[in-house]
Amino acid sequence: MERDIKTLLAQMTLEEKTSLCCGEGFWNTTALPRHDIPAMILTDGPHGVRKQSGVADHLGVNERGKTTCFPTAAGLAASWNRELLYKVGAAIGEECQAEDVQIVLGPGANIKRSPLCGRNFEYFSEDPYLSAQLAAKHIQGMQSQGVGASLKHFAVNNQETKRFNIDVILDERTLREIYLASFEGAVVDAQPWTVMCAYNKINGEFCSQNRKLLTEILREEWGFEGFVVSDWFAVSERDKGLAAGLDLEMPTSAGIGKEAIISAVKSGGLSEEALDISVERILKVVFRAAEGRKTGATYDKSAHHALAREADRESMALLKNEGGILPLAKNGKIILLGPFAKAPRFQGVGSSRINATQVDIPYDEIAKVAGNAELKYAEGCSLNNDTANTALLDGAKEAAASADVCVIFAGLPDQDDSEGKDRASLRLPENQNVLIEEIVKVQKNIVVVLMNGSAVEMPWAGRVKGILEAYLGGQAMAGAVADILFGECNPSGKLAETFPQTLNDTPCFINFPGGSEKVEYREGVFVGYRYYDKTGVQPLFPFGHGLSYTTFEYSDIRLDKTEMTDTEELRASVMVKNTGKRAGKETIQLYVRDPAASVIRPIKELKGFEKVDLAPGEEKRVEFTLGKRAFAFYDTDINGWRVESGDFEILIGKSSAEIVLSAVVHVTSTTTVKKNYTLDSTIADIKDEPAAAQVVQMLSGSLGAGQELGLDLDALFSSIKIRSLAAMSQSKDGGKGAITLEQLHGLIAAMNS
Ligand code: BGC
């Protein structure tokens with residue numbers, strides 16, 4: 001039954017209204033039985049439901065009920081599979097119903113600015129389009145079950161170092177094109193019930209009391225209809241936060257937040273109307289959640305475990321497969337090395353930590369699918385420290401020497417994929433690198449399986465034949481790894497982030513994690529592949545890279561038009577054929593390039609992707625639709641998105657580094673940019689203006705004296721200010737035919753009109 005919120009508001013006291021805007025406990029909103037308003041439970045997220053049963057804490061330390069641990073976002077993103085994200089989201093939603101949880105705190109749409117960020121495993125990508133597309137589907141899946149998502153951490157929360165108060169200094173274009181775009185697409189496409197504001201400041205203002213962010217952009221520009229919740233303990237001044245658009249404070253602040261609101265309303269510092277607006281937003285979600293509640297709901301734990309395995313099969317990227325070492329034959333002697341073969345890493349540390357319903361072990365799962373292969377295991381190195389242990393190494397080498405193939409399980413320790421802490425380096429623990437290098441000396445058939453939440457350096461990459469990036473793949477990861485190693489399924493993941501050769505190569509190497517109070521995003525929009533493309537720095541593995549056991553051929557790119565305006569849509573398509581002997585899935589990536597722009601733009605940007613499933617020999621036409629945003633940049637002069645007229649290249653790639661087809665479309669801009677010529681504009685600025693043609697023509701030969709100096713007169717002339725034309729024209733022929741300052745003012749007025 002629809003509740004009349006306005007009438008309800010009129011019946012509530014100031015104290016009651018305020019209490020709805022401040023959490024009651026660690027995970028609950030306030031219930032008001034007098035008005036028949038229930039409490040809601042909000043719980044982490046993002047890759048499973050973490051409902052605590054004992055003493056509450058938000059770092060995953062204390063007891064929580066068992067639920068399914070799905071692959072983490074870093075892995076799910078490598079699937080590039082929207083439907084899969086939806087399915088996993090829906091399964092999490094179902095588990096919420098069974099656990100009586102109304103809001104999942106996730107997904108996270110923060111951009112992976114540096115591979116060092118401790119929470120990268122909870123985020124999707126370095127690319128805002130990919131991140132937003134996947135986040136939207138994840139949210140839609142969750143919300144299809146009658147529970148809400150909380151898209152987090154809004155915004156520009158890209159490091160854990162000083163996460164509670166770091167002031168992120170960045171320019172508006174970078175903010176809009178990279179960091180906000182990742183949230184924008186998800187908000188617009190999926191309308192999450194809630195958005196969680198981040199801890200940090202942006203350009204001097206905490207996100208939790210940032211009106212531009214929480215009201216002007218999120219609501220007025222993007223049309224967000226839900227409520228904004230604080231990250232846990234992110235509130236600084238509750239009344240200011242409320243005025244800025246922060247509706248709900250979580251968790252309880254033991255009365256501090258309430259008091260701040262009440263006294264601000266009483267003193268006139270905060271309008272009661274602002275409070276009413278927040279209460280209304282919260283109540284809408286509370287009633288929606290109450291309506292969606294499925295009392296007594298259950299779910300099939302083994303079906304969800306199977307889904308976690310299915311999802312993880314697509315959430316790994318096969319990075320190298322020299323000589324087709326994979327899939328492995330189901331016979332001969334196979335040695336599994338490394339402690340992760342018996343104790344896998346499958347999730348990160350912190351608030352997202354799930355108490356999994358079951359955890360599969362790689363050794364056991366491999367044994368189930370390895371057929372007649374003779375399996376052995378040796379530890380090779382310890383997880384307790386980073387130092388190579390000679391006895392463990394010798395044992396591993398001896399076993400490896402007599403095997404046909406050696407699979408080494410490596411990865412990061414728990415503390416390197418962790419909330420609250422960034423990594424100090426991109427290296428694996430040294431004893432793992434030593435193990436791999438030592439095995440290289442005795443065995444040439446080596447496959448490395450990596451379990452980590454973000455990119456790592458691989459100094460040994462050229463000396464092993466196979467590399468499978470398995471990420472932190474959730475509780476069923478072991479089975480999925482086994483499936484891929486033995487060809488039970490064909491790998492189809494592609495990297496959603498660049499893997500650099502070394503940390504020094506990363507775009508924000510110099511400016512991460514910043515100083516004691518501020519971090520400056522000086523790389524601007526050149527995050528991830530945008531940086532590697534522009535600088536030519538070669539990554540270890542590029543964004544979008546991932547191999548398959550079959551081969552795909554792309555052909556016949558088509559555009560439905562060669563000329564368009566920026567209000568029209570472009571339809572692009574390409575034929576993709578499975579030219580190998582196995583069925584397989586392939587992600588086709590579409591990038592747009594603006595070869596001539598008035599601002600500095602990336603070489604290309606991802607604007608479309610589609611994943612197709614093809615039987616051997618099968619061929620499909622894959623279609624993309626591109627709207628204005630695919631061509632636009634954020635123009636700070638007009639505070640909006642603008643396309644500049646000109647040719648744009650539509651690039652089709654297997655990865656960001658492997659573009660196989662391209663076509664050109666001419667786009668005409670419909671935005672009129674107000675001209676703002678002044679006496680200080682240059683000849684280059686005005687040279688294409690018809691009104692200026694005569695003047696430019698008249699004076700173009702006026703720099704005669706420069707000739708003897710060997711100067712490039714055209715370049716020199718172009719950089720001259722209009723103002724100088726008056727003086728130059730007078731000195732040229734003694735004032736005859738000279739241009740006066742008044743005439744220049746007239747010219748400027750004519751050009752600006
Ligand atoms: C994290 C959030 C999380 C919240 C509740 C915070 O510390 O940043 O991601 O949802 O705690 O656990």
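Helices (H or I, at least four residues) and strands (E, at least two) are DSSP runs here, numbered from the N terminus. With that in hand, let us walk through this model.

It is a predicted model, in which local features need pLDDT of at least 70 and side-chain atom pairs count only at pLDDT 80 or more, while totals for chains, interfaces and linings use all residues. Residues are numbered from 1 along each chain as its sequence is written, and side-chain values use heavy atoms, with hydrogens and water left out.

Buried means under 20% relative accessible area, exposed over 50%, and partly exposed in between (1.4 Å probe, protein chains only).

Contact means heavy atoms within 4.5 Å. Leaving aside neighbours within four places in sequence, Ile 37 is in contact with Leu 8, Met 12, Leu 20, Ala 31, Leu 32, Leu 283, Val 286 and Phe 287.

**Helix 4 and its two partners**

Two packed helices are described by the angle between their axes and the distance between the axes. Axes are lines fitted to C-alpha atoms, for helices over the stretch in contact, and angles run from 0 to 180 degrees between N-to-C directions.

Helix 4 (residues 82–99) packs against helix 11 (residues 301–313) at about 155°, with the axes 11 Å apart. That makes helix 4 roughly antiparallel to helix 11, a term for angles over 145 degrees. From helix 4, Leu 84, Lys 87, Val 88, Ala 91, Glu 94 and Glu 95 make the contact, and from helix 11, His 304, Leu 307, Glu 310 and Ala 311 do. By class, this contact has 5 nonpolar, 1 polar and 4 charged residues, where Ala, Val, Leu, Ile, Met, Phe, Trp, Tyr, Cys and Pro count as nonpolar, Asp, Glu, Lys and Arg as charged, and the others, Gly among them, as polar.

The other partner is helix 5 (residues 128–143), which packs with helix 4 at an angle of about 40°, the axes being 6 Å apart. Among the residues that meet here are Tyr 86, Gly 89 and Gly 93 of helix 4 and Tyr 129, Leu 134 and Gly 141 of helix 5. The contact of helix 4 with helix 5 divides into 8 nonpolar, 6 polar and 2 charged residues.

**Backbone details**

| Cis peptide bond | Omega |
|---|---|
| Phe 154 to Ala 155 | about 5° |
| Met 250 to Pro 251 | near -15° |

Ala 155 lies in the loop between strand 4 (148–154) and strand 5 (167–169), and Pro 251 in the loop between helix 8 (238–244) and helix 9 (256–267).

Asp 36 is not a glycine, yet has a positive phi of about 60°. The residue sits in the loop between helix 2 (14–20) and strand 1 (42–44) and is exposed, with a relative accessible area of 56%. Asn 639, likewise no glycine, has a positive phi of about 50°. Its loop runs between strand 24 (633–635) and strand 25 (640–642), and Asn 639 is exposed, with a relative accessible area of 56%.

**A buried strand residue**

Ile 650 belongs to strand 26 (residues 646–655) and is buried, with a relative accessible area of 0%. The C-alpha atoms of Ile 650 and Val 592 are separated by 5.0 Å, although the two residues are 58 residues apart along the chain.

Terms used:
Parallel < 35°, antiparallel > 145°, perpendicular 65-115°, else oblique.
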